[in-house]
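I opened a new structure today and kept notes as I went. Here is what I looked up, entry by entry.

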Amino acid sequence: MSVKSSLAALLHPIEKRFDRLTHRRRQAGTQVIEPYDGYETPEGVILRGRVLSELRRGTPKDNRGWFDNLREMLSLFLTSEVAQVRVATVDGGIEAISDEEGYFTLVISDATAIATHVDVHLPARPDVPPVSLPVYRALPGAEYGVISDIDDTMLETGAYSLARNLWTSMTGNALTRRVFPDAVALMQKLHDDRNPVFYVSSSPWNLFDFLQQIFRRHGLVMGPMFLRDLGISSTQFVTGTHGDHKGAAIDTILAANPDLPFVLIGDTSQHDAHVYLHAIQRHPGRITRVILRQPGPGPDAKSLASMEAIRAAGVRLDSAPDYSKLL
C-alpha cells in the first residue's frame with residue numbers, strides 16, 4: 001500500500017466522522033450555491049456546481065504584499081461543503097442531491113429547452129437566492145475541439161519545481177499572476193469563434209473563481225473547466241492522481257463531443273506528453289494534434305519518450321519554449 005493510500009485509509013474515517021458531527025449544523029446554517037461551467041453532450045446538458053456554507057472570494061489588489069496574498073489564498077481552501085442537499089432547476093423539472101463534498105450534477109435531457117444559463121435553487125431553503133449556472137453550448141461550424149492544461153501552459157506557474165510552484169501559486173493574486181501572451185494568441189487562433197475550448201487542470205475546484213478572474217482579465221478564450229477534488233476518499237489521499245484526473249477529464253470531453261477531432265495543449269513540466277499519449281491510445285483517430293510548451297529545463301527522458309511515441313502514432317506534435325513560433 002502506498003503512502004497516499006495509507007493516509008487515505010487512516011484519515012477518511014476521521015473525516016467521515018467529523019462530517020457526521022457537523023452535518024446538522026451545516027444543514028441548518030447558511031448555504032450558498034457555487035456555480036461551475038456546464039457543457040453539452042449528445043444526451044443533453046450537464047450542469048455542475050457545489051453547495052457550501054459560504055462563498056470565499058479573493059479581492060485582488062496591485063499593492064498587496066505576498067503575506068496578505070498567501071493568507072487570502074489559504075482562505076479559499078477553508079470551505080465547508082454541505083452534503084445531502086437537494087438542488088433543483090427553478091422550473092422544478094430536474095433535481096440532484098449534493099455529494100459528501102458538496103458537489104452536484106444536473107442532467108437536462110431536453111437540451112433544446114435551455115439557452116446559455118439555467119437557474120437552480122435549493123427547494124428546502126427558500127431563503128437562499130437562486131443561482132444561474134452557465135452552459136457552453138455547441139457552436140455551429142466547429143471543425144475540431146481544443147483541450148488545454150492551465151499551469152505553465154496558459155498561466156505561468158513553475159510547476160517543474162515544487163517550491164517555485166507553491167510560491168507562485170500561493171503568494172500571487174488575480175492581478176499579479178501572469179498569463180503567457182502567446183497562449184492567449186494561440187487559443188484565439190484555434191478557437192476561431194467556433195471551435196469549443198475546454199480546460200483540464202490538477203488545480204482544485206477551490207480556485208475556480210480565482211482562475212476565472214485571471215482568464216477574463218487577460219482575454220483568454222473561456223470554456224468549461226475540469227478541475228480536481230481535494231477531498232479524501234476511502235482509497236486516496238487527495239482524490240485521484242494528476243494523470244488519472246486529466247485522463248478521465250479528456251475521456252469525458254471526447255465522449256461529450258463524439259463527432260469532433262481534438263487538439264491537446266499542454267507543457268512538458270508535469271508529463272502531459274505521457275497523459276496525452278495514453279489518451280491517443282485509448283481514442284484512436286480522435287486526437288489530431290498535440291502542442292506542448294517547454295518551460296524551465298524542458299522535457300525529461302520520460303516526456304521525450306512519450307513525445308516520440310505520439311509522433312510514431314501518426315499524431316502531429318509541436319513543441320517549443322513558447323507558442324509564438326506555432327502561430
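**Entry 1: D182.** The side chain of D182 reaches the backbone nitrogen of Y323 at 2.8 Å. I keep in mind that this is a predicted model. I placed D182 in helix α4, residues 181-191. Is D182 buried or exposed? I found a relative accessible area of 12%; the cut-off for buried is under 20%, so D182 is buried. Next I listed its contacts, leaving aside neighbours within four places in sequence. They are R293, D322, Y323 and S324.

**Entry 2: R293.** R293 was on that contact list of D182, and I followed it. Which rings does R293 lie over? R293 lies over the face of F180, at 3.8 Å from the ring centre. R293 also lies over the face of Y323, at 4.1 Å from the ring centre. Y323 is the residue whose backbone nitrogen the side chain of D182 reaches.

**Entry 3: strands β10 and β11.** I moved on to strand β10, residues 197-204, and its pairing with β11. The two strands pair in the parallel sense, over three bridges. V200 has F226 in β11 as its bridge partner. Between β10 and β11 the chain passes through α5, and this β-α-β crossover is right-handed.

I then checked the side chains of β11, residues 225-228. M225 and L227 point one way, F226 and R228 the other. All of them are buried. In a regular strand, side chains alternate between the two faces of the sheet.

**Entry 4: helix α5.** I looked up which residues of α5, residues 208-218, are buried. They are F208, F210, L211, Q212, I214 and F215. G219 follows the helix, and its phi is positive, near 75°.

**Entry 5: aromatic pairs.** How many aromatic pairs does the whole structure hold? My search found six. I noted F198 and F262, whose ring centres are 6.3 Å apart. Their planes stand at 45°, so I logged the pair as tilted. F198 lies in β10 and F262 in strand β12, residues 262-267, so the pair ties together parts 64 residues apart in sequence. Both F198 and F262 are buried.

I turned to Y199 and F215 next. Their ring centres are 4.9 Å apart and their planes are at 80°, so this pair is edge-to-face. Y199 lies in β10 and F215 in α5, so the pair ties together parts 16 residues apart in sequence. Y199 and F215 are both buried.

Methods. Residues are numbered from 1 along each chain as its sequence is written. This is a predicted model: local features need pLDDT of at least 70, side-chain atom pairs count only at pLDDT 80 or more; totals for chains, interfaces and linings use all residues. Side-chain values use heavy atoms; hydrogens and water are left out. Buried means under 20% relative accessible area, exposed over 50%, partly exposed in between (1.4 Å probe, protein chains only). Helices (H or I, at least four residues) and strands (E, at least two) are DSSP runs, numbered from the N terminus. A polar contact is a pair of N or O atoms within 3.5 Å; within protein, one must be able to donate a hydrogen and the other to accept it, and residues adjacent in sequence count only if both atoms are side-chain atoms. Contact means heavy atoms within 4.5 Å. Two strands pair if DSSP finds at least two bridges between them. A crossover is right-handed if, with the strands pointing away from the viewer, the path from the first strand over the helix to the second runs clockwise. Rings of Phe, Tyr and Trp (its six-membered ring) pair if their centres lie within 6.5 Å; planes under 30 degrees apart count as stacked, over 60 as edge-to-face and the rest as tilted. A charge sits over a ring if NZ of Lys or CZ of Arg is within 6 Å of the ring centre and within 35 degrees of the ring normal.
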